Amino acid sequence: MNVALGVGGGIAAYKAAELARALMERGFTVDVVMTRAAEEFIRPLTFAALTGRKVHTQLFSAASADDTLSSAIDHMRIAQEHELMVVAPATADLIAKFANGLADDLLTTTYLAFTGIVVVAPAMNTSMWNHPATQANMAKLRERGHVIVEPGEGLLACGVIGPGRLAEPEVIAEAVLAASRAKQPRQDLEGETILLTAGPTQEPIDGVRYISNRSSGKMGYAIAEEAAARGARVVLISGPVNLAPPKGVTMVAVRTALEMRQAVMDHLNEATIVIKAAAVADYHVANAPAQKVKKTAARLSLDLEPTPDILAEVGSKKGDRLVIGFAAETGDLVAEARRKLEQKNCDMIVGNVVSQPGAGEPATGFESDDNAVVLVTRSGETIPVERASKRAIAARILDEALRVRLALHASH
Ligand code: PMT
């Protein structure tokens, strides 16, 4: 996991170097972001030498226009590329800025742009720590769900004895480790290889035209992301879509149903679970011409022939794989889903409620960010899953898939 280590300007800043080392010993990649005040206490070079990585110090650099642009977007990049941010020492000033959303340097701007786990290790003089303003600011950070590594009590640099001393680097590193583990998705798909199809297919009519459908690929890509996050190896065979490839997934880009069939068969042996979320064209033009057809005839008929049914072929070669199909129906969804389950020898069919949007309500099924489905299983269950984001629906599909497999194994 990548950790951004924010270093504030306090006498305890030198301990951040030990913290960087302790984090690296626990397997984290550490990128340091320092405030200008922190540089008064410890040099960026120390962190660069320890971590072997560039140390980030400035929101704007005046070296050149290019440098200025790249440093101006540094805070966004740091925020996006790290899952966890730990700030140690967090001074009273930094805590006040975090609490109130002030962003006037690289560290505070990065904090505002950051959406991951935040761990804060305060360090300051006892009176500053006890001040109602600091305590009110700390309460806001706690409310936000940040992990606070409480300061210890002892003799502070200012000669006062009391709370305010930065927690030991080992203690902070352990808190970071615990926070990172707590937020990690369960790895219940480790050891599985999921062969997944997504998106539409495009079936050429001639050199420039094709038949396709409204599938955006969002449902299939959400399953790929969820499965990869839960530890599966994912092979995603995708028709043409406008989506970024999910992280950590093996992508195979295809266009036609025939190409999709070939890619599925090429990877079938590796798969322990097959999920067919793609909307495959049922027909294609036999021998479509490579050139553009001229507009000469008054009427034109297309001679369509069926494409291979990939899911049915997978079902016939199923072995002990789990096979999950999709169904998009505008009629009797459950009956159709069950018919497809039997016909294509599947363990589960995900029936999409392809709705027409009501007033003020977005549609589900094709193209939408949300979905509502009915899961029809081999053991005869019909499980409605209410409208939720496609990622949440993906999580439920995978949960039920594992449960169906357990039930099937138990019944054998
Ligand atoms: O991509 P989105 O915009 O997010 O929308 C998601 C979706 C609605 C497209 C998706 O969730 C979905 O329902 N996909 C399957 C739609 C469909 O084509 O259903 P079908 O009834 O035509 O096919 C049934 C099953 O057989 C599907 O698993 C399909 O992949 C498979 N099939 C169909 C035809 C064919 N020639 N080969 C196949 O493998």
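1. His 56 is found in the loop that joins helix α3 (44-51) to helix α4 (65-72), where helices are DSSP runs of H or I with at least four residues, strands are runs of E with at least two, and both are numbered from the N terminus. With a relative accessibility of 11%, His 56 counts as buried, because that class takes in residues under 20% relative accessible area, while exposed means over 50% and partly exposed covers what is in between (1.4 Å probe, protein chains only). Leaving aside residues up to four places away in sequence, His 56 touches Val 32, Val 33, Met 34, Asp 74, Ile 78 and Leu 106, contact being defined as heavy atoms within 4.5 Å.

2. On the basis of these values, this is a predicted model, in which local features need pLDDT of at least 70 and side-chain atom pairs count only at pLDDT 80 or more, whereas totals for chains, interfaces and linings use all residues. Residues are numbered from 1 along each chain as its sequence is written, and side-chain values use heavy atoms, with hydrogens and water left out.

3. The open sheet has eight strands in the order β12-β11-β8-β13-β16-β17-β18-β19, and its pairing is mixed; two strands are taken to pair if DSSP finds at least two bridges between them. Its edges are formed by β12 (250-253) and β19 (382-389), each of which pairs on one side only, and the twist from one strand to the next averages 20 degrees. Within this sheet, β13 (residues 273-276) and β16 (residues 322-329) pair in the parallel sense over four bridges, with Val 274 standing opposite Val 323 in β16.

4. Two helices that pack on the sheet deserve a joint reading. Helix α12 (residues 257-267) touches β8 (193-198), β11 (233-238), β12 and β13, and its direction makes about 180 degrees with that of β8. Helix α15 (residues 390-411) touches β8, β13, β16, β17 (348-353), β18 (370-377) and β19, and its direction makes about 155 degrees with that of β19. For these angles, axes are lines fitted to C-alpha atoms, for helices over the stretch in contact, and the values run from 0 to 180 degrees between N-to-C directions.

5. The buried residues of α12 are Ala 257, Met 260, Ala 263, Val 264, Met 265 and His 267. Their cover includes β8, β9 (203-204), β11, β12, β13 and α13 (310-316).

6. Strands β18 and β19 run antiparallel and are joined by six bridges, with Leu 375 opposite Ile 383 in β19. Their hairpin has four residues between the strands, and Gly 380 there takes a positive phi near 95 degrees. Ser 379 also lies in the loop between β18 and β19 and is exposed, with a relative accessible area of 51%. The side chain of Ser 379 makes a polar contact with that of Glu 381 (3.3 Å), meaning a pair of N or O atoms within 3.5 Å; within protein, one must be able to donate a hydrogen and the other to accept it, and residues adjacent in sequence count only if both atoms are side-chain atoms.
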